[in-house]
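Subject: Structure handover

Hi,

Here is the structure for your files. My notes follow below.

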Amino acid sequence: MSKVVKKRTERIVLRCAKELFAQKGYHQTSISDIIRRAGVARGTFYLYFQSKREIFDSILDELVTSLGGIMKRIDLDSSTPPLEQLRNILRSIFILALEDPDMPRILLNRAVGLDRESDNKLHEFYGAVQGKVESALKHGIELGLVRKCNTGITASCILGCAKEVIEFISSEPNAMFQLDELLDEILTFGLQGILTSRMT
């Protein structure tokens, strides 16, 4: 079997597992379900994954890698203004969620409380994402673009808001068409909050 075919088969198994985890939940999905959906033999499955848990870990690791490629530091030397850079980063994150709606369903609704090891893996995942957000905040403070704040608490607030918005758009069939409106609202909320001038 060529490397290209092996890689394609592995991607099919991962995709089918992700679909089933999102639809049925992790515990309710069996390896037999995955094999049946993917159309591969049991022996072929075990060429790539030793267990269902290993697939779950691979899905999370893939997402961390994808987010790592998206969440880049603001560059003041760029010809693109900082706010537009931030908008582009947010756009890429939400497009990732919209193009792969099974992922937020697994992370937000289906994965918590699977077992201690899975909960630890999720905790590590969210910790890694929060660390990236906190690092970005510290960088923004150094550049004079972000006010001085408790970066840990602020990163938690941002991550919490992001999780709620992603859950909302992953269940909204027309969300892709409303993406610009969504980005406008998020940036306005982040930059100005909710108060009018009458409250200040």
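Is Phe49 buried or exposed? Phe49 is buried, at a relative accessible area of 1% (buried means under 20%, exposed over 50%, partly exposed in between; 1.4 Å probe, protein chains only).

First, the ground rules. This is a predicted model, where local features need pLDDT of at least 70, side-chain atom pairs count only at pLDDT 80 or more, and totals for chains, interfaces and linings use all residues. Residues are numbered from 1 along each chain as its sequence is written, and side-chain values use heavy atoms, with hydrogens and water left out.

Aromatic pairs

The whole structure has four aromatic pairs (rings of Phe, Tyr and Trp, the last by its six-membered ring, with centres within 6.5 Å; planes under 30 degrees apart are stacked, over 60 edge-to-face, the rest tilted). Tyr26 and Phe56 have ring centres 5.6 Å apart and planes at 65 degrees, so they are edge-to-face. Tyr26 sits in the loop between helix H1 (3-24) and helix H2 (31-38), and Phe56 in helix H4 (residues 52-70), 30 residues apart (helices are DSSP runs of H or I, at least four residues, numbered from the N terminus). Tyr26 is buried at 7% relative accessibility, and Phe56 is buried at 1%. Phe45 and Phe49 form a tilted pair, with centres 6.1 Å apart and planes at 45 degrees. Phe45 is buried, with a relative accessible area of 1%. Ring pairs also join Phe21, Tyr26 and Phe56 into a cluster.

Best wishes

Definitions and conventions
Helix = DSSP H or I, 4+ residues; strand = E, 2+ residues; numbered from the N terminus.
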